[in-house]
Amino acid sequence: MKLVVRRDPVYVRRRRIVGLIALLLLALLVLGGVRACQALVGGRGDDATAAALQAQKAAYDVSGTQLVKRQTITGNINPKSVAASPSGLVIAQNMMYRHTVTAYGADGQLKATVPDAVDLAQFGVKDAKGTVKGAPVEATWTRDGAKAYVSNYSMYGPGFAKNGFDDCSATSAVDRSYVYRLDSASLKVDQVIQVGAVPKVVALSPDQRTLLATNWCSGTLSIVDVAQAKEVATVKIGAHPRGIAISPDSTTAYVAEMGGETVYQVDLAARTAKPLVKPGKGPRALVVSADGKHLYVTNNDANTLVRVDLASAKVDQTVSLASQPRSMAMSRDGRALYVVSYGAAAMSKVRTSDLTVQQVVATEPSPIGVAYEPTRNAVWVSCYSGSILVLDEAKGGTPAPSPKGGQPTATPSGPAHD
């Protein structure tokens with residue numbers, strides 16, 4: 001009887017269905033295990049890159065637009081840099097000439113002037129001797145726009161007698177300085193972190209766990225654990241390190257040695273650096289593509305912008321720009337770079353795919369910083385001479401004025417300057 005039941009066509013069909021279901025469940029379990037392992041081993045990096053690429057696809061397309069002048073901001077400012085938050089708050093760092101950070105809405109209206117004076121003792125700094133001042137240089141925003149980290153060229157006041165200077169070296173006797181954290185809601189400093197001597201560029205890893213700062217006089221890169229608000233390591237770079245870019249998976253940093261000719265690759269887990277490429281003399285600003293395949297570099301003393309293929313560690317695209325190309329920002333969609341030429345009073349919009357210059361805009365003297373403000377798709381250019389130029393990426397309107405005589409020609413820019 002049992003043999004008859006087992007050979008019954010209905011029974012056989014049911015047994016096959018059960019077997020197939022069991023095999024399917026087993027396959028799903030195996031696939032789930034593989035994906036879990038990928039997430040633990042390397043999947044997070046893949047996810048971070050995919051998220052960055054997806055954000056680019058959804059962003060405003062600047063390939064068919066032009067820069068149109070909206071306004072020029074003046075006042076009690078000498079802005080070394082500008083940094084735009086995801087929500088449209090823009091801050092300008094006014095160095096020791098004003099001892100302030102000025103904050104603006106996306107509409108260009110001044111919201112606050114933040115003094116750089118702090119009592120370090122209130123932030124738990126031992127042996128602090130009273131109120132001191134900084135000199136805000138550069139800034140970077142957290143992904144949610146809640147906080148900004150601001151580097152200070154040097155500290156001034158009780159306990160700081162060895163101030164920073166441009167022509168220093170790793171052997172110069174210069175005091176270590178601090179990075180401030182600025183709260184976007186209160187527009188007040190709510191945290192301080194000691195780093196090296198004369199910190200310049202600051203950058204947050206995409207996973208928001210690590211803050212990096214290049215120390216101009218120390219010749220090092222500070223690695224800061226964000227959760228601890230503490231420098232946990234320093235990595236030797238070389239003469240006058242400045243620009244920083246971080247890979248989408250937060251594992252690798254790229255650092256420009258502006259006092260030399262080398263861009264270094266830093267393993268953030270091992271905390272070690274090695275030469276990556278020599279892109280030109282005086283490399284200053286770095287931007288990495290959202291897919292992590294290319295690194296863009298401005299060469300202040302070679303008057304060039306180059307693209308580095310990171311797989312081969314070789315320059316695969318080069319374009320000459322006007323005198324002293326310095327700071328650089330990328331559009332939200334990744335299609336354009338905006339590069340200021342300090343010695344030519346100009347800013348160039350460059351297509352990322354082939355480094356074609358699409359537009360050159362005249363600025364006030366000494367353009368030094370640039371940022372892409374995403375809520376209004378605007379480009380902010382800070383001029384050390386005392387102004388900020390605001391340009392909109394627009395499909396109509398009158399293009400912003402070009403420099404007189406057309407695009408300025410590149411001229412030798414002399415020794416590296418900050």
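The basis of the values comes before the two sites.

## Basis

The model is predicted: local features need pLDDT of at least 70, side-chain atom pairs count only at pLDDT 80 or more, and totals for chains, interfaces and linings use all residues. Residues are numbered from 1 along each chain as its sequence is written, and side-chain values use heavy atoms, with hydrogens and water left out.

## The cavity

Searching the whole structure gives one cavity of 30 Å³ or more. On a 1 Å grid over the protein atoms alone, a cavity is a set of points where a 1.4 Å probe fits but cannot get out, and lining residues have an atom within 4 Å of a point. Grid points are joined across faces, edges and corners, and a volume is the space filled by probe spheres set on the points. The largest cavity holds about 60 Å³.

Its lining consists of Val101, Val114, Pro115, Asp116, Pro136, Val150, Tyr180, Leu182 and Val189. At least two lining residues come from each of strand E5 (110-115) and strand E10 (178-183); strands (E, at least two residues) are DSSP runs numbered from the N terminus. Eight of the lining residues are nonpolar, none polar and one charged, where Ala, Val, Leu, Ile, Met, Phe, Trp, Tyr, Cys and Pro count as nonpolar, Asp, Glu, Lys and Arg as charged, and the others, Gly among them, as polar.

## The second largest pocket

A pocket is an open set of grid points with protein on both sides within 12 Å along at least five of seven lines. The second largest pocket has a volume of about 250 Å³. Strand E11 (188-194) and strand E15 (230-236) are the elements that give two or more residues to its lining, and E11 gives the most, with three.

Residues lining this pocket include Phe123, Arg176, Tyr178, Gln194 and Glu231. By class, six lining residues are nonpolar, two polar and three charged.

How values were computed:
Helices (H or I, at least four residues) and strands (E, at least two) are DSSP runs, numbered from the N terminus.
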